[in-house]
Amino acid sequence: MEMLASGERPSESIMVLCEVLQYLHILLFFFLCFLGFCLFVFFHQEVVSEESEEESNGVNLMEFSDEILLHILSYVPCTDLVLNVRRTCRKLATLCLDKSLTHTVLLQKDYKVNKDKVKQLMRDIGKEIYQLNMAGCYWLPSSTIDHVTRCKNLVKLNLSGCHVTSLRLSKMLSTLQHLRSLAIDVNPGFDASQLSSECKATLSRVSELKQTLYTPSYGVVPCCTSLEKLLLYFEILDRSREGFMLSGQLMVGESNVPHYQNLRIFYARLAPGYVNQEVVRLYLAVLSDRTPENLHAFLISAPGSFAETGATKNLLDSMARNVRLDALQLPKAWINGSGLLQHLKFNNPFYFSFSRCTLSGGHLIQRVINGGKDLKSLTSLNLSGCVHCLAPDSLFRKAEDDIDSSILESLVVSCCNLRHLNLSAAHHHSSESIGNHLCQLLSRLKHLLSLALPVCSITDVAASAEKPPTTPNLVPQTFGRKVRIGIQTYPRNLGDQANQKIESSVFWALMGSLRFLETLEIIGSSFSSAMPRNEPAIRNSLPPCVRAQSVGDSEVAAISQLTYLQSLTLAQLPNILTGSGLVNIGLQCQHLRTLSLANLGMMGKVVYMSALMDMLKHCKCLRDLRLEQPYFCAGAQFFQALSHCSSLQRLCIVSRSGTLQSDAVMSFMANCLEVIMCHMFMGESLTVCKNLQQSIVRSFQAERPALNVVIFPLLHEDLTEVIRDVPMRHLDEITLFKSRVAEEPPNLWW
């Protein structure tokens, strides 16, 4: 009103007021920005200080619930939990001694454990341990076993591969009154008469026994009168170290007539050798007198020829009359040409092995699955070396003839829940009819976890018929061909492989359908390893199958679809040109732990070396690597690439005429601190091999108690003597080449 009375125009006053407000708004905006900046700096400093504090103190896991922490701690080795983690804080001190973590102690692959750690572990938590697995702890002195006596509540104990004398075993078992499951080795010098009465009382209550026999003996079997599960591994050599022939004959009264009436599972695995067969017959003789009525698994794995006798025939006849089996494996001579399978009765079978048998497809369908009977209970099937199992008749069929797809289809439909299938060591050639290829039929088995196939079975028939032979196949296998060095000739990624139109192949489709496969073996039907067991090294191998000539890089690339793959074996793939598929596997299969490659591509040249080195740079989880290839050069570049495999523990190289660089091997061993096994059987001289072996042992044995080094000329006459000193764990799992899919029933022991 005063403004109106003085005659000033309202519009000018409003304009001045608006300008003032505008300036105030700008000042307020800058003030708020400045205040926001100050707050940002303040809180940022607080966050940085908190983060730096967390970084200095480590990740604060203590805020997690006990259940989550216990789950995390379950992945930590028990020795680290008790001896290290437990001492960090009060909460972890309590959690590390939780019964869920101390109930079962696994030391079988804790290669860093030593005698002192075992002693301290038993002292701290011995009374809390109910199951103890020390299998394969070959590096621990025999006196370590004395500390097991602190585990008064032990129910299950595995000492396979450990040094145990008769007296030590007696002393230990005398204190373990609750023991019900036991695994031991029976070595030369074992004397059952040294077992005390308290020890025999403990053995009388044992219901599960696993014995590995290195000498003709009954071991502790005569004392185990309550056995329900008996596993026998025969590793007896025909000759002693001094060269004397051994006898498998045992004293008649030594057996003490073991009480087998409660036996449910009988398993025997024989290494090559006549003495092993003699000794196992003595065990079976007791069974032939009276077959256990509760027997539901009868398994005998015997290589080569193991003739049937009158006693074994009586045993099988008694089994056919009195028992119903869930698992069966017999020597091939016991099945071939007999009507045994027609008379045996099965309940809910979960494991069948007819390895190396001449079983025809007609007999397989009619006698095993009763013309297509529902066998959903069957989870593991081993048909390795059964050359006629997918053909209707074995009398007039050649091994290279096409399979009868209707037999395989009946098998797939009836056994739809198979998890482990072995079809290796045979020629399984598919016909050209659409939809009946072996790979297409196997793709219906959605539950498969492990699979073994011959190389010739994965060939795309139409593609191989149109594809001309590649140049390497025209070159004799005993000669190499010069390859340009310095230029990468293989596709660098999966997209490049896709451009080669390999997705349309039947094998590519099979790999795409088995997404959860963990173990895969693709082995040439004619492949034989140069690494011997009890015989000289094999110098000549049979040529690959004609149908397998087209299998190479594109098929290997298809394997990269298996995201969860943990174990891969590739042997005798003749058409490997560059190894490009290996790079894809290294990139895509990040869970790969075991890799075995043998005789890929030309035999006179390692054509895939560049790709292999690229692959190894991506294999961060790889623990076991086995390479068997003539003329393999284990040089500086190879070991530099292998050094990227930070988790590698075991390395085995078998190479006729192969070479190595000692300095590169020493540098590799110094960089890869987890490596505890280094086996190399090459073409170097004995002097070079011995010097390198001694250098490795001298430099690294003190830091790695489990270190096992064998470097020896492959074709040396004393190789078999060297092999017999290799710890059985390494010899059986990696050094000797064999198919391991469905080798024995799943969960047979631990």
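In the predicted model, S384 is placed in the loop between β11 (380–382) and α15 (405–414), helices (H or I, at least four residues) and strands (E, at least two) being DSSP runs numbered from the N terminus. S384 is buried, with a relative accessible area of 6%; buried denotes under 20% relative accessible area, exposed over 50%, and partly exposed the range in between (1.4 Å probe, protein chains only). Leaving aside residues up to four places away in sequence, S384 touches S355, R356, N422, S424 and A425, where a contact means heavy atoms within 4.5 Å.

Residues are numbered from 1 along each chain as its sequence is written, and side-chain values use heavy atoms, with hydrogens and water left out. Because this is a predicted model, local features need pLDDT of at least 70 and side-chain atom pairs count only at pLDDT 80 or more, whereas totals for chains, interfaces and linings use all residues.

The protein holds 27 helices and 22 strands. Of its 750 residues, 50% are buried. Among contacts with a separation of 6 or more, 78% are between residues 24 or more positions apart.

The largest nonpolar core contains 203 residues, of which F266, F298, F354, L442 and F638 touch the most other members. Such a core is a set of buried Ala, Val, Leu, Ile, Met, Phe, Trp, Tyr and Cys residues joined through side-chain atoms within 4.5 Å. Helix α10 (residues 274–289) supplies the largest share of this core, 7 residues. The contacts of F638, not counting residues up to four places away in sequence, are with M609, L612, M613, L616, L627, F632, C633 and I653. A second, separate core of 11 residues includes A183, A327, L748 and W749.

Aromatic pairs number 14 in the structure. Rings of Phe, Tyr and Trp (its six-membered ring) pair if their centres lie within 6.5 Å, with planes under 30 degrees apart counted as stacked, over 60 as edge-to-face and the rest as tilted. The pair of Y138 and W139 is edge-to-face, because the ring centres are 5.1 Å apart and the planes stand at 85°; both residues are buried. F306 and W334 form a tilted pair, with 5.5 Å from centre to centre and 35° between the planes. This pair links distant parts of the chain, 28 residues apart: F306 lies in the loop between β8 (297–301) and α11 (310–322), and W334 in helix α12 (residues 332–335). Both F306 and W334 are buried. Ring pairs also link F632, F638, F639 and F668 into a cluster.

Salt bridges (a side-chain nitrogen of Lys or Arg within 4 Å of a carboxyl oxygen of Asp or Glu) number 20. In one of them, the side chains of E674 and K112 meet at 3.3 Å, N to O. E674, in the loop between α24 (662–671) and β21 (677–682), and K112, in the loop between β1 (104–106) and α7 (115–125), are 562 residues apart. E674 is partly exposed at 28% relative accessibility, whereas K112 is exposed, with a relative accessible area of 52%. R269 forms a salt bridge with D732, the closest N and O atoms being 3.5 Å apart. R269 belongs to strand β7 (residues 265–270) and D732 to helix α27 (residues 728–735), so this pair ties together parts 463 residues apart in sequence. Both R269 and D732 are buried. Shared partners join K109, D624, R650, R729 and E733 into one salt-bridge network.
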